[in-house]
Amino acid sequence: MAIEIFKRKEQKYLITREQYKALVKQIQPNMRPDKFGVDGRYTVSSLYFESRDYKIYFETKNKLRYRQKLRLRIYNDADLNSTAFFEVKQKHKKVVNKRRMLLPLSEAYRYLSAEQNDHLEEFETTNLQVLREIDYFRHLYELEPGMVVSYDRHALHGLYDENLRMTFDMNLRCRDEDLQLEHGPYGANFIDPNLIVLEVKVDDSVPLWLVRILQALNCEQKSASKFCTSMELLKSDRLPNGVQKELIAVGGH
């Protein structure tokens, strides 16, 4: 059975489009485009799950030492027969763990609409054990589909270090209505269109040559949660304690 398990460290940066252009040019000798997409460029759309009392939001916002999210993800244009990725993303301190399995999008919807999931082996998936973990987490937190987040991604891999990965996410959009992923990557922009979320993903530490380039271009590390910022844009009136929108939301004031 296929199973995808990731364990790595991630550093996030919030950069401008001008910094992005300069950075891509300077790292080019050491990086190659991701094999997926066209020159490493593709669209990501994720259906995030949340509880009615916003457990996931508050775990993430308060940066609990151990926190996790559940999401269903597709790439580029998709229909009900397309492959979807069901994933639990866990973060302990600064280390990210992901466990995910693949299944047709229609099968994911069938699982979500089932009243009881006592017979998980009836669902078509690449790994039943991961589905069991997803099912346990979903029911423990009483999670329901809550929001679609979409963005255009430019992904690069290390040319000499296969464990180094950089992703640039731009044109970030969200919606909390029409939660059907196959309807496309549309929604309200939740980050200033001039800003890009950069993630540097490594097994151990960021290589020195890259650190120097990031410093020279004044790239600022910032914990930019796509999930939290989307929640604060669309659901700020429903979040307790009058939560304010992030500075990186549209307008960036």
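Helices (H or I, at least four residues) and strands (E, at least two) are taken here as DSSP runs, numbered from the N terminus. On that basis the protein has six helices and 11 strands. Its radius of gyration, taken over C-alpha atoms, is 18 Å. The globule rule (2.2 Å times the number of residues to the power 0.38) gives 18 Å for 253 residues, so the protein is as compact as a globular protein of that length. Along the principal axes, the C-alpha atoms fill a box of roughly 55 × 45 × 35 Å.

This is a predicted model, in which local features need pLDDT of at least 70 and side-chain atom pairs count only at pLDDT 80 or more, while totals for chains, interfaces and linings use all residues. Residues are numbered from 1 along each chain as its sequence is written, and side-chain values use heavy atoms, with hydrogens and water left out.

Of the 253 residues, 49% are buried, meaning under 20% relative accessible area; exposed means over 50% and partly exposed lies in between (1.4 Å probe, protein chains only). The protein exposes about 12800 Å² by the Shrake-Rupley method with a 1.4 Å probe, and carbon and sulfur atoms supply 48% of that area. Contacts (heavy atoms within 4.5 Å) can be sorted by sequence separation: among those between residues at least 6 apart, 69% join residues at least 24 apart. The protein has 40 positive charges (Lys and Arg) and 37 negative ones (Asp and Glu), with His and the chain ends not counted.

Helix H1 covers residues 17-27, and its buried residues are Gln-19, Tyr-20, Leu-23 and Ile-27. Those residues lie on the same side of H1 because they cover an arc of only 100° around the axis, judged by the directions from the helix axis to the C-beta atoms. An α-helix has 3.6 residues a turn, so residues three or four places apart point the same way. The face of H1 turned away from the buried side carries the exposed residues Glu-18, Lys-21 and Lys-25.

Backbone angles come last. Most residues other than glycine have a negative phi. Asn-171, in strand S8 (residues 165-175), has a positive phi near 55°. Asn-171 is partly exposed, with a relative accessible area of 29%. Asp-178 has a positive phi of about 55° and sits in the loop between S8 and strand S9 (188-189). Asp-178 counts as partly exposed, at 29% relative accessibility.

Conventions. Charge placed at Lys NZ, Arg CZ, Asp CG, Glu CD.
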